[in-house]
Amino acid sequence: MVDFETLSDLVKLARERDCKIGEIVWEYEAEVEGISKEEVWNKMVKHWNVMKDSIEDGLKESFELPCKITERFAGKFLNAKRVFLDDFMSKVVARALAVSEYNSAMGLVCAAPTAGASGVLPATLCSAAEKLNAKEKDIVLALFTASGIGLVIANKASIAGSEAGCQAEVGAAAAMAAGALVELANSTPEQVDHAVAIALKSIMGLICDPVAGLVISPCIKRNAFGAVLAFLAAEMALAGVKSLIPADEVIEAMGEVGRLMHPDLKETSRGGIATTPTGEKIREKIFKGDF
Amino acid sequence: MKKVESIFEIIGPIMVGPSSSHTAGAVRIGKIAREILGTKPVKAIILFHGSFAETFRGHGSDKAVVGGILGFSTDDLRIRKALEVAEREGLKIEFKTVDLGEEYHPNTIKIILEDASGLKIQVIGSSIGGGNIIITEINGFETDLSGDYYALIAIHDDKPGMVAKITTILAKHRINIAKMRVSRIKRGALAFSSIEVDHEISKEVVGEIEKIKEVRLVRALKPI
């Protein structure tokens, strides 16, 4: 029986068996659900297809954001003249924005780990796969890696904005993506641990403060930042940069920060940018049905 | 024991946006309420508590919970038009906000459903993140259903031997029990059994359990 509670369990198992963390998680799921590994694999492929479609659908012009409180920016960003970022990173950002905008408009997405953070994994993995010429099987395996990391975060901390703020949603997504990216780039299991730790501690403390309660502002742009952060953490870990604090302890700390976070800053829209003068004005307009 | 066991609760669900807790979770709570009613609802009172009360309009929780009550799944694009569909199908809906108290999860919904014959059920469910839910109360009885497994629920007289009568029927049909819970509001009145099982429970099994004279209501639930 393959089982794990922590990231270090996963690293240890991958070391012992000389395999990827993704393979451990794949086997775990088959055992815990009592289904064949093939069935589990096919299920993940289905989820990946929804992720890919959400990028494509999210870049189409056929939808608007609810209440039209703001315009869409993914396409605009994709086609803008580059000033600082290279084409690769620009595409990552545009894709994360696209999926997130599509999600806001009640489009079909794959929660990863939540819908509010659903732009991070498709954008990072799709772009990384193009860059590395990775095959579908490599991406699917990386999704298993990501989901193993997410499972530890969900059980040791939280993946709900209402429990622990945005650090538990976009933060968890960025940590999952960072770990998946390094493993996609053929890292060691220990580098996965460092990538997760670096990503999660760099976004720790982020509150959940949706303007008027809508998953639009600041959620959409935070997905883009989560995606960029994942690449930065992955690049660091691949370069041999180590986290002083192990990932498991960072995860526990994130959960504790979530518990300490005031309820006004946990998805209730009673703090942060939701209660700025502009945020309040938008809320009033929506409740009056002015949009 | 892990709070979350399957990785497809992390990567997934595949769902209509924008919020796994406020949209997908709300769909699932609505869908379970519909299954517990077991018939076509004509009236629904939906009460939002906590964070749900603050933000249900923005996250489409209103459309989501109604979509669930209509029987839609989390990935059904008809959720976007659920309020219009409900109107067409003659389902009268009332939305309210409520403060159930601090012991309830911030994302909690109370649903009261009624069918044309006057049968009324009341469900309280919380959306605990990532589309995962927990049903904490059915018709006033405490429970902890996740909606992830096949389950049998029954309201019956609070008498000795009731659980044995029900589980004997399950055993006869070779249905394995994964988890079971019995609760009651006061001694000697009515009790509530919820039994999570490994296999689908057929209409035949439900029919046999319905025949037990102390059983007032029985429903077989599917994973939602």
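Trainee: Before we start, what counts as a salt bridge here?
Mentor: A salt bridge is a side-chain nitrogen of Lys or Arg lying within 4 Å of a carboxyl oxygen of Asp or Glu. Please keep in mind throughout that this is a predicted model.

Trainee: OK, and how many salt bridges are there between chain B and chain A?
Mentor: The count between chain B and chain A is 0 salt bridges, although the rule does find 14 residue pairs in polar contact across that interface, both residues of each pair being at pLDDT 80 or more.

Trainee: Which elements of chain B are on the side that touches chain A?
Mentor: The elements giving two or more residues to that side are β1 (14-16), α1 (20-37), α2 (51-55) and β5 (120-129) of chain B. Of these, α1(B) gives the most, with 4 residues.

Trainee: And what kinds of residues are on that side of chain B?
Mentor: The side of chain B that touches chain A divides into 14 nonpolar, 17 polar and 9 charged residues.

Trainee: How many residues does each chain put into the contact, and what area is buried?
Mentor: Chain B gives 40 residues and chain A gives 52 residues, while the area buried between the two chains is about 3,600 Å², with carbon and sulfur atoms giving 61% of that area.

Trainee: Switching to the inside of chain B: is β11(B) mostly enclosed or open, and why?
Mentor: Strand β11 of chain B, residues 215-221, is largely enclosed by the rest of the structure, because 5 of its 7 residues are buried. It is joined by 6 bridges to strand β8 of chain B, residues 150-157, and these two strands run antiparallel. Within that pairing, B:L152 stands opposite B:A220 of β11(B).

Trainee: Back to salt bridges. How many are there over all chains?
Mentor: By this rule the count comes to 27 salt bridges over all chains. One of the pairs is A:E16 with A:K12, whose side chains meet at 3.9 Å, N to O.

Trainee: Where do A:E16 and A:K12 sit in the helix?
Mentor: They are both in helix α1 of chain A, residues 7-17, and because they are 4 residues apart there, about one helical turn separates them. A:E16 is exposed, with a relative accessible area of 56%, and A:K12 also counts as exposed, at 55% relative accessibility.

Trainee: Which residue does A:R15 pair with?
Mentor: A:R15 forms a salt bridge with A:E190, and the closest N and O atoms are 2.8 Å apart. That pair links distant parts of the chain, since A:E190 belongs to helix α10 of chain A, residues 189-202, and A:R15 to helix α1 of chain A, 175 residues apart. A:E190 counts as partly exposed at 30% relative accessibility, and A:R15 is partly exposed as well, with a relative accessible area of 46%.

Trainee: What about A:D57 and A:K60?
Mentor: Their side chains meet in a salt bridge at 2.9 Å, N to O, and A:K60 counts as partly exposed at 39% relative accessibility.

Trainee: Which residues are joined into one network by salt bridges that share partners?
Mentor: In chain B, such salt bridges join B:E142, B:D144, B:K179, B:R181 and B:E196 into one network.

Definitions and conventions
Residues numbered from 1 in each chain as written. Chains lettered and ligands numbered in written order. Predicted model: local features only at pLDDT ≥ 70, side-chain atom pairs only at ≥ 80, totals over all residues. Heavy atoms only, no water. Contact = heavy atoms within 4.5 Å. Buried area = accessible area lost by both parts, 1.4 Å probe. Polar contact = N/O pair within 3.5 Å; in protein donor to acceptor, adjacent residues only side chain to side chain. Nonpolar A, V, L, I, M, F, W, Y, C, P; charged D, E, K, R; others polar. Buried < 20%, exposed > 50% of the residue type's maximum accessible area, 1.4 Å probe, protein only. Pairing = 2+ DSSP bridges.
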